[in-house]
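Please look over the sequence and the structure first.

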Amino acid sequence: MAEKVYPPLVMPDGVGRQQVTVWSDGIALDADLYRPTDVAPDAALPAVVLGHGWGGSKLTAERYAALFASAGMITLTFSQGTWFDSGSPLQLVGDVPALDDGNEALTQVRFIRDLVDPFAWAANLRAALDYIEGEPNVDPTRIGLWGTSFGGGIAVHLAANDSRVKALAVQVAAIAPLGGRVAELARRRAIDTARGDFDAIPQGVDPWPNMAGTPYLAKLAHYDPLAQVDRLRIPTLIIDAGDEEMFPIADNGARAAEIIKNTPGGVVDYQVIPGIDHYGIYFDGYEPGSRAALDWWERHL
């Protein structure tokens with residue numbers, strides 16, 4: 001599905017937005033930084049990095065980022081690599097050319113676009129954390145992570161493995177691994193890719209129903225945020241849609257909350273917003289979802 005048209009951002013008073021570039025593995029990520037406009041030079045504020053879902057962009061989270069900034073936080077949204085105005089990795093077309101003494105050559109390359117690679121997404125989210133950690137006035141001991149939809153699973157995966165994340169909030173998050181025939185196809189793709197029998201980097205194949213872009217099934221075969229959940233030792237907010245139609249919440253958000261609840265030291269709040277579907281979280285569900293996240297940051301950052 002192409003990017004949804006969300007209600008326009010009305011920038012709160014006292015919040016400024018600046019377009020910035022986050023560099024991740026040599027790829028320039030298009031990002032926006034939100035800051036309170038009246039900050040003392042020596043202030044140390046909490047910060048939140050926000051990650052979008054499949055088909056989304058930095059604008060998916062702009063209303064959330066502005067809201068959190070209006071409450072005194074520094075926030076960052078970005079578009080994942082290969083999507084919208086973010087850069088792309090390049091794939092060599094044809095044989096490796098002869099290099100000159102400076103290891104340079106002229107050749108043909110393919111720009112990889114609209115790829116859903118979970119591990120590249122996690123690396124980009126980590127780079128966004130690196131960026132916000134170096135932002136003036138950010139207290140590096142009070143950094144939170146917010147993710148939505150497919151990006152919610154990415155946020156879970158990273159938060160479980162990066163000690164800088166002190167609190168986590170995800171909504172309508174896809175957390176469970178692939179299953180059934182899709183998982184079988186993904187395993188086949190992983191094997192065939194490694195053996196050179198399938199596209200090294202897929203483009204325009206294995207379409208996902210009603211979704212834009214190309215799922216990198218060879219990578220998705222090894223991606224399992226749910227297996228990382230028991231590593232979470234930080235306050236975690238999970239919000240689901242009562243009428244979720246994209247995946248069963250019992251196997252995703254609810255299952256993750258149960259694991260955290262039964263993990264020593266685990267702190268979790270699991271909420272279901274009734275009467276909304278997956279994309280409704282950004283419309284009728286925006287107010288309760290965003291306010292729950294804001295309350296979470298104010299309690300735990």
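What covers the buried residues of H7?

## Basis and helix H7

The model is predicted: local features need pLDDT of at least 70, side-chain atom pairs count only at pLDDT 80 or more, and totals for chains, interfaces and linings use all residues. Residues are numbered from 1 along each chain as its sequence is written, and side-chain values use heavy atoms, with hydrogens and water left out.

The cover over the buried residues of H7 includes S3, helix H1 (62-70), S8, S9, S11 and S12. Helices (H or I, at least four residues) and strands (E, at least two) are DSSP runs, numbered from the N terminus. H7 spans residues 286-300, and its 15 residues reach 21 Å from first C-alpha to last, close to the 21 Å expected at 1.5 Å a residue; the expected span is 1.5 Å times one less than the number of residues. Its buried residues include Tyr286, Gly289, Ala293, Trp296 and Trp297. Here buried means under 20% relative accessible area, exposed over 50%, and partly exposed in between (1.4 Å probe, protein chains only).

## The sheet

Eight strands form an open sheet of mixed pairing, in the order S1-S2-S4-S3-S8-S9-S11-S12. Two strands pair if DSSP finds at least two bridges between them. Strand S1 (15-24) and strand S12 (267-273) are at the edges; each has a single partner strand, so one side of each lacks a neighbour in the sheet. From one strand to the next the twist averages 20°. Angles run from 0 to 180 degrees between N-to-C directions, with axes fitted to C-alpha atoms, for helices over the stretch in contact.

Seven bridges join strand S11 (residues 235-241) to S12 in the parallel sense, and Ile238 is opposite Tyr270 in S12. Helix H3 (residues 150-159) packs on the sheet, where it touches strand S3 (45-51), strand S8 (138-148) and strand S9 (165-171); the direction of H3 makes about 145° with that of S8. Contact means heavy atoms within 4.5 Å.

Five of the five residues of strand S4 (residues 74-78) are buried. Ile74, Leu76 and Phe78 point one way, and Thr75 and Thr77 the other. In a regular strand, side chains alternate between the two faces of the sheet.

Strand S2 (residues 27-36) pairs with S4 in the antiparallel sense over four bridges, while S3 and S4 run parallel, also joined by four bridges. Thr75 is the bridge partner of Tyr34 and of Val48. S3, H1 and S4 make a right-handed β-α-β unit: with the strands pointing away from the viewer, the path from the first strand over the helix to the second runs clockwise.

## Cores and a buried loop residue

A nonpolar core is a set of buried Ala, Val, Leu, Ile, Met, Phe, Trp, Tyr and Cys residues joined through side-chain atoms within 4.5 Å. The largest has 83 residues, and Phe68, Leu145, Trp146 and Trp297 have the most contacts inside it. Helix H2 (residues 118-133) gives the largest share of this core, seven residues. Leaving out residues up to four places away in sequence, Trp297 touches residues including Val48, Phe68, Leu145 and Trp146.

Val172, in the loop between S9 and helix H4 (180-194), is buried with a relative accessible area of 0%. Beyond four places in sequence, the contacts of Val172 include Thr148, Asp240, Phe247 and Tyr282. The C-alpha atoms of Val172 and Gly253 are separated by 7.4 Å, although these residues are 81 apart along the chain.
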